[in-house]
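Subject: Handover of a structure

Dear colleague,

Please find the structure below, passed on to you for your further work. My notes on it follow directly after.

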Amino acid sequence: MDKKETLIPIGPYHPLLEEPEFFKFYVEGEKVVDAEVRIGYNHRGIEKLSEAKTFDQATFTVERICGICSTSHPFAYVRAVEDISGIAVPERAEYIRTIIGDLERIHSHLLWVGLAGHFLGYNTVFMWAWKYREPVLDIFEAISGNRNHYGMFKVGGVRRDINDIAGLLKAIDDVESFCNMLLKAVIDDPVIKARLKNVGVLKKEDAIAMGVVGPVARASGLAIDVRKDHPYAAYDRVKFETIVMEGGDIFNKTAIRLLECVESAKIIRQCLKQMRPGPIDAAVREVGAGEGIGQHEAPRGEVIHYVKANGSNYPERHKIRAPSFMNVPSFKRTVIGESLADAALITAAVDPCYCCTERMAAVEPETGRVILTGQELVRLSQEKTEQMKVKLRG
Amino acid sequence: MSVIEQIKTRFGGKAAVQERSPRRVYLTVQKQDVTALGEFLFRELGGRFSTASGVDTRPGVEVLYHFAFDRDNLVVSVRTLAEKPELELPSLTPAVPAAEWVEREIHEMFGVNFAGHPNLATLLLPDDWPDGVYPLRKKTFESEQELTAREN
């Protein structure tokens with residue numbers, strides 16, 4: 001390491017991320033010149049665990065991989081198992097799956113927008129976004145009995161029916177108007193625009209090379225969306241737009257997430273209106289032998305599960321790939337050359353899930369002396385916003 | 001020409017093509033052809049590297065590289081085998097950068113050595129994890145040798 005460079009370790013507890021990750025930034029003055037990442041602090045061996053569960057039990061195990069996008073993994077998992085022997089799912093179950101999948105997108109995106117707002121020093125955005133996220137969780141509670149970990153999925157169908165269509169339509173209208181309001185407030189704000197434009201740009205060729213997915217890919221001009229490209233559930237029976245932008249910066253990523261909330265509300269409304277009465281479960285007795293792949297467009301991008309079955313009641317192998325596994329490595333191509341005040345926000349912009357733990361420190365490598373604490377790094381970012389506010393508003 | 005036809009034209013002699021459904025195609029290749037096929041799928045056919053998965057089998061660790069073709073509603077999985085006991089495979093990372101992390105993961109979990117990988121450092125397991133213990137293997141090589149001895 002060059003003498004002029006200072007090592008800034010961030011983590012394992014990142015102030016914005018739910019899961020512990022350890023970032024090491026090498027900085028010269030304010031500028032980041034190199035970066036490394038280390039993950040695995042939260043590795044629970046779910047893939048191995050799944051081999052000891054029956055196909056039905058594993059649905060619940062994978063639901064507990066993530067507390068925010070908790071339905072994404074069961075969604076991809078049941079599709080992988082259904083792919084093994086081509087199990088057909090009843091139409092009504094397909095609609096219910098779509099509704100759950102996109103309700104989750106709304107609450108997950110609102111959560112991110114709120115925390116990003118807090119980090120920028122916009123606590124109003126934080127409070128708004130989380131206030132409007134609350135009714136979405138209420139909808140989940142009305143449908144499944146749970147605000148999180150809904151337990152709705154099973155191989156061959158869903159576990160609960162949706163009955164109160166009129167009530168849900170009303171609730172979705174409210175959610176959509178909140179999202180539209182928040183969208184205008186955030187996108188039109190000159191300070192947020194100045195603070196996020198051209199920060200942490202992921203170029204299109206880098207996005208292709210790193211195989212990024214979801215809003216991160218779509219912000220860099222890649223028009224990929226599993227819901228459109230590999231139609232499943234009821235996504236080919238509803239009309240919605242794939243939001244694609246070219247800039248690749250944090251502003252684009254934020255705008256895409258907010259616009260997607262509105263699209264998700266449209267999807268849910270169409271599903272509720274188009275659903276016809278019918279069975280919700282194919283009553284699968286046996287999975288059979290073979291292998292299957294299941295994909296789902298989670299809020300953060302494509303989730304893919306690979307399941308190998310040997311004819312018994314247990315998966316022989318269950319591979320799980322979450323979207324952040326593709327998105328997190330891309331930070332190395334976005335953070336270098338940026339200032340320290342932006343670094344933590346850039347690593348968080350891929351939305352690898354969030355956390356309330358706050359422990360981040362900048363340390364001089366030789367002495368181990370702490371030169372900046374986590375709170376000070378957050379303050380650094382908030383101060384930059386304040387300076388921009390003064391500059392822009394004169 | 002469709003993706004499958006192009007693969008057949010270019011790698012017909014080398015890859016065993018199994019069309020499980022219109023949306024799922026599995027290609028089985030010898031390990032020396034993996035890199036060329038992976039590069040062809042990624043660079044020329046525009047496939048998106050989605051992930052790779054390992055399965056511990058009797059003859060070795062079977063590795064599948066999954067490529068998503070988003071314009072064609074298709075997932076192509078390239079299957080190859082790292083034979084015991086060396087468990088050596090050529091790395092796909094120099095041709096397909098997105099494979100870097102998942103090859104590190106397979107290296108840690110199964111002990112597969114990816115020749116030509118830029119950085120096979122520990123990614124997921126703790127720093128004090130014992131050498132030679134691979135959590136996703138079905139059983140250790142020793143116990144398998146004992147089993148074979150008993151069967152004989």
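What percentage of the 152 residues in chain B is made up of buried residues? The share is 41%. Please bear in mind that this is a predicted model.

**Chain B as a whole**

Chain B contains seven strands and four helices. Read from the N terminus, its elements follow the order α-β-β-α-β-β-β-β-α-β-α. Along the principal axes, the C-alpha atoms of chain B fill a box of roughly 50 × 40 × 25 Å. Of the contacts in chain B with a separation of 6 or more, 51% are between residues 24 or more positions apart.

**The contact between the chains**

Chain A contributes 24 residues to the contact and chain B contributes 21 residues. On the side of chain B that touches chain A, at least two residues each come from strand 3 (48–56), strand 4 (60–69) and helix 3 (100–110) of chain B. Strand 3 of chain B provides the largest share of that side, with six residues. Sorted by class, the side of chain B that touches chain A consists of 12 nonpolar, five polar and four charged residues.

**Backbone details**

Most peptide bonds are trans, and most residues other than glycine have a negative phi.

In chain B, the peptide bond from B:Lys84 to B:Pro85 is cis, and its omega is near 0°. B:Pro85 is located in the loop between strand 5 (74–83) and strand 6 (88–90) of chain B.

In chain A, A:His149 is not a glycine, yet it has a positive phi of about 50°. A:His149 belongs to the loop that lies between helix 5 (123–144) and strand 4 (153–154) of chain A. With 16 other C-beta atoms within 10 Å, A:His149 is partly exposed.

A:Asn198, also not a glycine, has a positive phi of about 60°. The loop between helix 7 (190–196) and helix 8 (204–210) of chain A holds A:Asn198. Is A:Asn198 buried or exposed? A:Asn198 has 11 other C-beta atoms within 10 Å, and the cut-off for an exposed residue is 12 or fewer; A:Asn198 is therefore exposed.

With kind regards

Technical notes: Residues are numbered from 1 along each chain as its sequence is written. Chains are lettered from A and ligands numbered from 1 in the order in which they are written. This is a predicted model: local features need pLDDT of at least 70, side-chain atom pairs count only at pLDDT 80 or more; totals for chains, interfaces and linings use all residues. Two residues are in contact if their C-beta atoms, placed from the backbone, lie within 7 Å. Ala, Val, Leu, Ile, Met, Phe, Trp, Tyr, Cys and Pro count as nonpolar, Asp, Glu, Lys and Arg as charged, and the others, Gly among them, as polar. A residue is buried if 20 or more other C-beta atoms lie within 10 Å of its own, exposed if 12 or fewer, and partly exposed in between; C-beta atoms are placed from the backbone.
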